[in-house]
Each structure stands twice: as structure tokens, then as C-alpha cells.
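User: Please take a close look at one part of this model, the place where the ligands are held. The structure is shown here.

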Amino acid sequence: MSIELMREAEEFIKNGYSELGKSEQETANRIAVVLKMISEKGYYTHTNEEIDYGAKVAWRNSNRCIGRFFWQTLNIIDKRNIQSVEEMAAALFEHIEFATNGGKIRPTITVFPQSRSNSAFRIWNHQLIRYAGYETEEGVIGDTSSIQFTKECIKLGWEPKYGNFDILPLVIQYNQEEPKVFDIPQQLIAEVHLEHPEYEWFKELALKWYAVPLISDMKMEIGGITYPAAPFNGWYMGTEIGARNLADEERYDQLPIIAEMMGLNVKSHASLWKDRALVELNTAVLYSFKNQGVSIVDHHTAAQQFKQFELKEKDKGREVTGDWTWLIPSMSPAATHIFHQPYKNKIKKPNYFYQKKPY
Ligand code: HEM
Ligand SMILES: N/C(=N/c1cccc(CO[C@@H]2CCNC2)c1)c1cccs1
């Protein structure tokens, strides 16, 4: 309903132009142009500056993100002019290469065309780079989180390899057309092989993880306009890989084997064998990423950076909102300040949101 769009647009321009230090006159002029366009066409187009500011503030408003200290350093790649899924695939390869940057990861977002009443581009992947998951009679292979999407890829003609670390293809759809499948050139994929600073046997586990976490299934909302394809990346916090992806029983379930190799008493919970195995797996993750020159942050440093973010926001007169249940790290949460203070989970816009799955 364009009344709602007009309200959101006016609020975004007012807040944004004032934060950007623009004059009342320039703000009023822009609002008039935007409202006129909405009344004539039912939508409006953001300027480059509005997109840049909107994407950064959407990150600043992401209540579940512990990494928000760096919100102003977001790199924006404007691909609102692409016209085919093939162009989109090429742009996604560019994003992966630019963001990876030889390991010195650059937080980046690529903005694809805004949704219109009759058209939208969608990326089916949850993350651009992710491992396949397979359910077989003998049990699960690979990343169980990917089982459903892997099935879709196979339905669309992708050749399964039934390995534990098979990189999935890109699946891109225009409107209701048949989605297209694109293999990512393997030279674009940076991965870190896991080793431990003391345990020589750790590398025998043949564990690895991809370098760049690149969320591609959320929509970005700015001033009432929706961008259904706006993939963004940061760098990993070590616990995401070491305390969840490789540790969860229903994911790669590595704690029992690590504890066995460490000679721990896995028969008694009270030996805290799971906790000891967790510490060493997370030590290996942080050590390997650093050793192989790939950006990563430990959860203590990340919490400290988040504290700086809180102080800076207060200094700017903005209240910091957050989702405590996600902000606390999945390992030693009470060893960070976050655990010991409350956060209001008030939803501010611009922001990133979940959207209906396209499959
Ligand atoms: C620069 C390094 C960054 C780090 C270390 C970081 C860290 C994290 C972590 C650990 C989570 C929780 C993920 C989970 O528990 O599964 C998270 C959530 C989130 N982050 Fe960040 N982040 C970073 C950059 C970014 C960027 C660049 C954006 C967007 C422009 C962003 C937007 C979000 C959003 C929207 C969520 C919530 C996702 C959901 O609700 O599923 N983050 N972040
Ligand atoms: N380090 C990161 N971690 C995540 C950030 C957002 C989402 C996720 C994955 O969320 C999944 C859905 C719920 N937990 C896993 C991971 C980043 C990804 C993109 C920019 S930073």
C-alpha cells in the first residue's frame, strides 16, 4: 500500500539526511521527489548515497550481530542494473573474489534490483559458499544443514559427489522461471585446513572449513523498499565453526573423536571431556585461520569490539538494541560482558530480515 511506503520513505530520508548532515532544504527537496515518484509509479529508486548509508545502517540495526563495531566499513557493490541470472552469477563470483581478498576478508554487500510488483531475482542458497549434505542408507554425509537445499540442486541437475565437503552450486531464479544452477569456479573458494598448535594428530581428522561466510537468503529493507537479493559477508567468529558447525551432534559431531584422541574419559560427563574437546577444537580453528592468513575473530575479542560499539552508539545518542539470545557466544558466554547485561530487542529499520523460502 503506497501510503505505508510514503511514510517509510519519508522517515528514512529524514533520519538519513540528518545523520549525513544535509540541509533542511535538500532533505525537503528529496522527500518531495520521492513522494511524487511513489504517487506516480508506486515505488521510488534510492540514490547511490542512500543505498550506501541504508545498507550500513541495516547492519548497525541487526540485533543478532555481535560484529556491528565495523558497520561503517561495509563495502557496497551496486548491481541494481543487472538484467539476467547469468549477469547475477558473474556478479556473485566478483563478490566472492573481492570479499575474500586473498584471506584479508572485506565485509561486503552486493545490492541486486529492488523487488517490483511483477519482478524479483532470488538466490536460493542460504550462504553462497556452503557444503552439501546427503541422507543415505548408511547415514548422513556432509553438512546436515544443507540436506534440503542439496536435494533441490540435484533435482535441478547438479551432480552429487557424496563427499563431506562438496561445495554447492549457486541457484538463481528470476520471477517464477526455472532457477539456473552455476558451479562456482573452484579457484574462487578459499578454505582453511584445520591443524592444532600442539596436537600433531589433529590434522589426521582431515577437517576444513570455508573462509568466507556469505549470507544470501535474507532481504534488505530500506525506506520501505525491499531488496530480496542482497548477499552480505563478514568474517567468521571462531565459535561458529568450532562450537557449532563442527561440534553439534546433528552437524559434523567431532567432539567424541577429538576427546578419544586426547585420551579423555568419555564415559563420565563429570570429566568435562566435551568441554575440553570444545576448547581444543576452537583453538585449532583460530590457530589455523590465523596461520593460513584468513581473517577470523575469537569470541572474547568480538565481545570487546561489541562493547566499543555500544559505547560509540551511546556517544552518538543512539540506543543499542540487541537479541541477547544470539549475541552471547555459544562458548563460555558468561566470560563476556554481553551475558551480564540486558538488551532491548526492538526492531529498527533499515534492517535485514528473513523472507519466504523460494523452494
Ligand atoms: C565483520 C565481521 C562480522 C562478524 C564477526 C559477525 C558475527 C555474527 C555472528 C557470530 C552472528 C550470529 C550467527 C549465528 O549465530 O548463526 C551474526 C549474525 C548476524 N549478522 Fe553479523 N557479523 C559480521 C558482519 C556482518 C555484516 C557485514 C552484516 C551485514 C551487512 C551482518 C549481519 C548480520 C545479521 C543480519 C545477523 C543475524 C542473522 C540471522 O538472524 O539469522 N554481520 N553476525
Ligand atoms: N560471521 C557471520 N555469521 C553469520 C551471520 C549471520 C547468519 C549466520 C548463519 O545463521 C544461520 C541461521 C541460524 N544460525 C545459523 C552466520 C557472517 C555471515 C555474513 C556476514 S557475517
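How do the residues of the shell around ligand 1 divide into nonpolar, polar and charged?

Analyst: This is a predicted model, in which local features need pLDDT of at least 70, side-chain atom pairs count only at pLDDT 80 or more, and totals for chains, interfaces and linings use all residues. Residues are numbered from 1 along each chain as its sequence is written, chains are lettered from A and ligands numbered from 1 in the order in which they are written, and side-chain values use heavy atoms, with hydrogens and water left out.

The shell around ligand 1 holds eleven nonpolar, three polar and two charged residues. Here Ala, Val, Leu, Ile, Met, Phe, Trp, Tyr, Cys and Pro count as nonpolar, Asp, Glu, Lys and Arg as charged, and the others, Gly among them, as polar. Of these 16 residues, Trp59, Arg64, Cys65, Phe232 and Tyr354 come nearest; a residue is near a molecule if one of its heavy atoms lies within 4 Å of it.

In the chain, Cys65 belongs to the loop between helix H3 (48-60) and strand S1 (75-78). Helices (H or I, at least four residues) and strands (E, at least two) are DSSP runs, numbered from the N terminus.

The side chain of Tyr354 has an N or O atom 2.5 Å from an oxygen atom of ligand 1. For Arg64 the distance from a side-chain N or O atom to a ligand oxygen is 3.1 Å, while Trp59 has a side-chain N or O atom 3.4 Å from a nitrogen atom of the ligand.

A side-chain N or O atom of Glu240 is 2.6 Å from a nitrogen atom of ligand 2, and a backbone N or O atom of Trp235 lies 3.0 Å from a ligand nitrogen. Alone, ligand 2 exposes 500 Å², of which the protein buries 63% (accessible areas by the Shrake-Rupley method with a 1.4 Å probe).

Terms used:
Polar contact = N/O pair within 3.5 Å; in protein donor to acceptor, adjacent residues only side chain to side chain.
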